[in-house]
Amino acid sequence: MQKTFTDQMGREVTINFPPNRIVSLVPSQTELLFDLGLDAEIIGLTKFCIHPIEKFAERIKVGGTKKLNIDLIKDLKPDLIIGNKEENTQQDIEELAEYFPVWMSDIFTLDDAMKTIGQIGELVNRQPEASYLNHLISAGFNDLKILALQNKVDIKVAYLIWRKPYMAAGKNTFIDDVLLTNGMTNIIHEERYPEVALEELKTSNCELILLSSEPYPFKEKHIAEIQAAIPNVKILLVDGEMFSWYGSRLVKAVQYFFEFQKLIASL
C-alpha cells in the first residue's frame with residue numbers, strides 16, 4: 001500500500017507503507033527508530049549513528065551526515081530515507097530525492113522534537129510507541145521547568161560547540177531551547193552557530209561556559225585554556241548528546257538535567 005506524508009519542509013513524500021528498508025541519516029533519529037522497535041527495517045545509517053552501539057556495529061555505514069556515500073545508498077535501494085535539514089546537505093538530499101522517498105525533519109525546540117517523534121511514529125507505523133515516548137518526555141521536561149523555578153536556577157551561559165575558531169549555539173537552535181527550559185539564559189544573541197571570541201564572553205556578563213562533548217570533543221585541558229582568558233567565569237564540560245539529540249535520547253536527558261540543575265544551583 002502506498003501512503004503520502006508531508007515532511008517538516010513542506011514536501012509531500014509517498015512511500016510503500018509500512019516501509020521495510022530504511023536508511024537513517026541523523027544519529028538522534030536513528031536511535032529513535034531503534035527505540036520505536038524497528039530493527040530489521042533499518043538497513044543503513046551514518047558513521048555517527050552510534051546508539052545503540054550493538055545495532056551500529058551490525059549496520060551498513062553510508063558515510064557522515066554531511067558527506068554521504070550516495071552510490072552506496074543507491075545500492076541499498078531503500079524505500080524510505082529519513083534526514084534533517086540542519087544535519088544533512090541540501091545537495092545530498094536533493095540527489096537522493098530523485099531516486100527515493102526522503103522525509104526531512106526541521107527542529108528548533110522541544111515541542112518540535114516531540115512533534116517529530118510523533119510524525120516519525122506515523123511514518124514507520126509505530127504510533128503507540130511514539131506516543132509513549134512523548135508522554136515521558138513531556139512529563140519529564142515539564143517537571144524540569146518547575147524544578148528550575150523551585151531551585152531558583154537563573155544563570156547566564158554560553159554553550160560552546162567548536163574550537164579554533166570558538167563557535168557557540170545561538171538563538172533559534174534546539175540547544176537554546178533546552179538551556180532555557182533548565183533555567184539558563186543564553187548570552188549569545190546571534191542566530192544559529194556564530195563564531196565568538198573569548199573577549200566577547202568576558203565582557204557579556206557570562207556566568208557559566210558550557211563546553212560540549214560534540215561536535216568538538218572539549219576536554220579538561222580546554223577548561224584551563226579558557227579559564228586563563230576569563231578567570232572569573234565558571235566552566236563545565238557537558239554531554240552534548242543530552243543538549244542536542246532530539247529523539248528518544250530526551251528520555252535519558254530528563255534524569256541528566258535533574259542532576260545538572262542541582263549542580264549549577266550549587267555553583
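These legends go with a handful of close-up views of a predicted model. Residues are numbered from 1 along each chain as its sequence is written, and side-chain values use heavy atoms, with hydrogens and water left out. Local features need pLDDT of at least 70 and side-chain atom pairs count only at pLDDT 80 or more, while totals for chains, interfaces and linings use all residues.

**View 1. The largest pocket and its lining.** This pocket has a volume of about 730 Å³. A pocket here is an open set of points on a 1 Å grid over the protein atoms alone, where a 1.4 Å probe fits, with protein on both sides within 12 Å along at least five of seven lines; lining residues have an atom within 4 Å of a point. The volume is the space filled by probe spheres set on the points, which are joined across faces, edges and corners. Of the 28 lining residues, E86, E87, E214, P215 and S244 lie nearest the centre. The largest share of the lining, 3 residues, comes from α10.

**View 2. The hairpin of β1 and β2.** Strands are DSSP E runs of at least two residues and helices are H or I runs of at least four, numbered from the N terminus. Strand β1 (residues 2-6) runs antiparallel to β2 (residues 12-16), and 5 bridges join them; two strands pair if DSSP finds at least two bridges between them. Q2 has N16 as its bridge partner. There are 5 residues between the strands, and G10 in the turn has a positive phi of about 80°.

**View 3. The open sheet of 5 strands.** The order is β5-β4-β3-β6-β7, with parallel pairing.

**View 4. Helix α5.** Its 14 residues (110-123) reach 20 Å from first C-alpha to last, close to the 20 Å expected at 1.5 Å a residue, taken as 1.5 Å times one less than the number of residues. Among its buried residues are L110, M114 and I117; buried means under 20% relative accessible area, exposed over 50%, and partly exposed in between (1.4 Å probe, protein chains only).

**View 5. The loop with K164 and P165.** Most residues other than glycine have a negative phi, and most peptide bonds are trans. In the loop between β8 and β9, K164 has a positive phi near 55°. A cis peptide bond joins K164 to P165, with omega about 0°. K164 counts as exposed, at 67% relative accessibility.
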